[in-house]
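Good morning, colleagues. Please look at the structure on the screen as I go through a loop, a core and a helix.

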Amino acid sequence: MLCHGVFDVLHPGHHRHLAYARSRADVLVCSVTSDRCADQKGPYRPHVPQDMRVACLTMLDIVDYVVV
């Protein structure tokens, strides 16, 4: 299953969403919106650089792969 988002400031709602997605699939892939695209959401976005957002998702045991 693929879940996509900016994942800028990972919060419990993200974890709930990802855990549910993982429960419905054997493999969970998260795609992260790049910094270049996320900056269109408003000033000072994203708050967390893309490399750090990827690192945070990679640390979650329920996530198998992370792509930008």
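Val-9 lies in the loop between E1 and H1. In this predicted model, the phi angle of Val-9 is near 80 degrees, a positive value in a residue other than glycine. The loop between strand E1 (2–5) and helix H1 (12–23) also holds Phe-7. For Phe-7, phi is near 55 degrees, again positive in a residue that is not glycine.

Are these residues buried or exposed? Phe-7 has a relative accessible area of 7%, under the 20% cut-off, and is therefore buried. Val-9, at 46%, is partly exposed.

I turn now to the core. Phe-7 belongs to the largest nonpolar core, which has 11 residues in all, including Cys-3, Leu-18, Cys-30, Val-32, Val-54 and Leu-57. At least two residues of this core come from each of H1, strand E2 (29–32) and helix H3 (50–58).

Let us consider H3 in detail. Which residues of H3 are buried? They are Gln-50, Arg-53, Val-54 and Leu-57. Because these residues cover an arc of only 100 degrees around the axis, they sit on the same side of H3. Asp-51 and Met-52, which are exposed, are carried on the face of H3 turned away from its buried side.

What do the buried residues of H3 pack against? Their partners are H1, E2, helix H2 (35–38) and strand E3 (65–67). As for Val-54, if its neighbours within four places in sequence are set aside, this residue is in contact with Val-32, Val-66 and Val-68.

Key. Residues are numbered from 1 along each chain as its sequence is written. This is a predicted model: local features need pLDDT of at least 70, side-chain atom pairs count only at pLDDT 80 or more; totals for chains, interfaces and linings use all residues. Side-chain values use heavy atoms; hydrogens and water are left out. Helices (H or I, at least four residues) and strands (E, at least two) are DSSP runs, numbered from the N terminus. Buried means under 20% relative accessible area, exposed over 50%, partly exposed in between (1.4 Å probe, protein chains only). A nonpolar core is a set of buried Ala, Val, Leu, Ile, Met, Phe, Trp, Tyr and Cys residues joined through side-chain atoms within 4.5 Å. Contact means heavy atoms within 4.5 Å. The arc is that of the directions from the helix axis to the C-beta atoms.
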